[in-house]
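Here are my notes on the two-chain model you sent over.

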Amino acid sequence: MWVNMGPQHPMTHGLWNLKVRIDGEIIVDADPEMGYLHRGIEKISEDRHYNEVVTLMDRTCYVAGLSWETLYITAAEAALHIEVPERARWIRMLTDELQRIGSHVMWYAAFVQDIGLMTPFLYGMRDRDLILDLFQSFTGARMTYEYNRVGGVRNDLPNGFTDRARKVMDWLMPRFDEYDALCLGSDIFHRRCDDLGRLSATECIDLGITGPMLRSAGLARDLRKDRPYHRYDQVDFDVATATAGDVTARYLVRMEELRQSVRIVRQCLDWLDKHPGSVLAQELPRWLGAPYAPVGAEGYLLKRRYPSGTGFSAVEEPHGEAQAYVVNTGGEHPYRVKFRSPVFANMSGAKSYLVGYHVADIPPIMGSVDICVGEVDR
Amino acid sequence: MKPEELKDNLAELLGPRLLAVEPFAGMAGRVRFERTAALELFRHVREVLGYRHLSMVGGIDWVDHREVFYVAWSDERKEYVLLSTDVPADDPHLESAAPVWTAAVWHEREAFELVGILFDHHPDLRRLLTPEGYAFHPLLRSFKLHEPEDLEVKTRNV
């Protein structure tokens with residue numbers, strides 16, 4: 001019998017439908033049905049100025065907007081042959097890591113609610129707000145930041161930001177131990193999560209699964225180490241791994257990543273304190289350079305020829321490995337923008353990690369995938 | 001791996017069906033090949049060269065023809081490779097990579113519905129993001145965003 005779990009189901013964070021075929025209580029087949037959130041972001045991008053696509057990136061993944069902004073913008077800069085100031089690279093690394101903390105804490109809050117623990121949910125939401133406050137202090141927004149620009153970032157960090165961020169990090173670090181105590185110390189948590197949704201590293205590679213799901217199966221693959229972008233080669237951190245490859249292992253990996261992110265954020269803040277400077281490239285063509293180019297101003301709406309090129313970037317986004325491919329044929333709009341969403345690939349293997357488990361196991365298993373439907377459907 | 005090494009390695013296997021190996025920033029290289037060599041190349045790249053992780057499949061509509069590109073990652077080499085081929089717009093057929101990389105199934109479904117590439121021997125070539133029976137391939141250049149009559153969702157009778 002086929003059962004529709006969704007599109008309106010407490011387990012589906014975002015709008016999607018999981019069709020499962022069941023034999024009694026056992027799952028024998030699964031087929032996720034996507035597309036409820038398809039907004040044609042890749043198509044709209046072809047009609048937008050390079051900087052305007054950044055606006056769409058916040059909407060692509062609504063819990064990790066800044067990671068998607070830096071992903072797109074590094075590919076766009078490669079396609080346009082534009083160099084970025086050193087300080088902007090470090091700010092991007094800082095925002096990526098803050099975003100990872102925000103996203104993982106949000107995941108924690110949603111996941112524990114999926115398995116029936118209400119109190120940790122409130123703790124998670126409370127702590128995520130501190131990260132959003134930090135974002136608000138330098139982007140002006142809590143969710144749709146529009147902070148990156150071709151050639152750097154829109155504005156520098158405000159005075160006193162680094163001290164404020166350090167205080168938040170000092171406050172967060174012991175909270176992660178609290179999270180662990182609430183979950184790992186709970187017998188209910190272990191009974192609901194241990195030995196569920198098992199995947200081996202080989203299966204993950206074959207299915208294209210990346211991110212915490214792959215690392216929980218024992219493979220220490222992290223683009224920040226393997227193929228450093230921004231300035232990840234200049235900071236110290238460890239790649240979090242676990243061996244079991246089940247739901248509990250994914251929880252452990254994400255919790256360790258939170259701690260490692262705090263470590264990276266602290267190093268970024270130290271570096272930014274010592275190295276003031278420009279955050280936006282100075283020698284940009286007028287239509288790219290002005291952060292708020294007036295519409296109709298010379299060069300902005302006129303058709304400009306620019307050396308063509310193709311840009312590719314890959315970023316270790318909170319959910320896994322995200323990629324962008326930007327084709328520039330010399331016009332003022334990108335000719336084609338293509339994104340690889342990590343959740344898209346992680347969900348495509350749903351059948352492999354659901355078959356054989358009970359229907360009641362679906363919420364913890366799908367919760368451990370960390371689904372963000374916005375980036376799957378785009 | 002350098003583009004020259006990659007070229008030497010692949011030229012032996014594909015002969016004239018290998019069109020070029022170009023340098024590409026951040027990758028081992030951009031391999032341009034004839035579409036008839038697709039399956040052979042995929043097998044070789046995965047099994048012999050070790051690019052076991054397929055990351056992305058995308059299509060580009062160049063109006064007179066369409067381009068299909070594959071991005072794969074190797075854990076041993078710690079780098080990406082880009083495989084790219086052209087298919088004519090009036091006959092957009094290409095051999096599916098799904099028998100080689102399981103991960104290709106969803107990526108190719110997406111390239112099929114958005115850019116209209118027809119993957120032969122694909123196990124499950126259904127639409128993924130757009131509704132069943134939707135009559136368009138929205139990422140083709142002929143699909144215009146500004147024409148209001150297109151905003152209404154037109155579906156075939158299914």
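Which residue takes a positive phi just after helix 1 of chain B? It is G15(B), with a phi of about 65 degrees.

Before the points, some housekeeping. This is a predicted model, in which local features need pLDDT of at least 70 and side-chain atom pairs count only at pLDDT 80 or more, while totals for chains, interfaces and linings use all residues. Residues are numbered from 1 along each chain as its sequence is written, and chains are lettered from A and ligands numbered from 1 in the order in which they are written.

1. Start with helix 1 of chain B, residues 3-14. Helices here are DSSP runs of H or I with at least four residues, strands are runs of E with at least two, and both are numbered from the N terminus. Helix 1 of chain B has 12 residues and reaches 16 Å from its first C-alpha to its last, close to the 16 Å expected. That expected span is 1.5 Å times one less than the number of residues.

2. Helix 3 of chain B (residues 104-115) also passes the length check: its 12 residues should span 16 Å, and its end C-alpha atoms are 15 Å apart, which agrees. This helix is mostly covered, with 12 of its 12 residues buried. Buried means 20 or more other C-beta atoms within 10 Å of the residue's own, exposed means 12 or fewer, and partly exposed is in between, with C-beta atoms placed from the backbone. Among the buried residues are W106(B), H107(B), R109(B) and F112(B). After the helix comes G116(B), whose phi is positive, near 75 degrees.

3. What covers helix 3 of chain B? The cover for its buried residues includes helix 13 (342-348) of chain A, along with strand 3 (53-61), strand 4 (65-74) and strand 7 (118-120) of chain B.

4. On to the interface: 23 residues of chain B are in contact with 27 residues of chain A. Contact means that the C-beta atoms of two residues, placed from the backbone, lie within 7 Å. Strand 3 and helix 3 of chain B each supply at least two residues of the side that touches chain A, and strand 3 gives the most, with six residues. By class, that side of chain B has 14 nonpolar, six polar and three charged residues. Ala, Val, Leu, Ile, Met, Phe, Trp, Tyr, Cys and Pro count as nonpolar, Asp, Glu, Lys and Arg as charged, and the others, Gly among them, as polar.

5. Have a look at M27(B), in the loop between strand 1 (18-22) and strand 2 (30-33) of chain B. M27(B) counts as buried because it has 21 C-beta neighbours inside 10 Å. Leaving out residues up to four places away in sequence, M27(B) touches F312(A) as well as E79(B), Y80(B), V81(B) and L82(B). The C-alpha atoms of M27(B) and K2(B) are 25 residues apart along the chain and separated by 9.1 Å.

6. V81(B) lies in strand 5 (residues 79-88) of chain B, and its 23 C-beta neighbours inside 10 Å make it buried. With the same exclusion of residues up to four places away in sequence, V81(B) touches several residues, including M27(B), V45(B) and Y51(B).

7. In chain A, the axes of helix 4 (residues 86-114) and helix 5 (residues 119-139) come within 8 Å and cross at roughly 160 degrees. That makes helix 4 of chain A roughly antiparallel to helix 5 of chain A. By class, their contact has 13 nonpolar, three polar and two charged residues. Axes are lines fitted to C-alpha atoms, for helices over the stretch in contact, and angles run from 0 to 180 degrees between N-to-C directions. Angles under 35 degrees count as roughly parallel, over 145 as roughly antiparallel, 65 to 115 as roughly perpendicular and the rest as oblique.

8. Two backbone spots to check by eye. Most residues other than glycine have a negative phi. D195(A) has a positive phi of about 60 degrees although it is not a glycine, and V63(B) has a positive phi of about 65 degrees, again without being a glycine. D195(A) is partly exposed, with 13 other C-beta atoms within 10 Å, whereas V63(B), with 9 C-beta neighbours inside 10 Å, counts as exposed.
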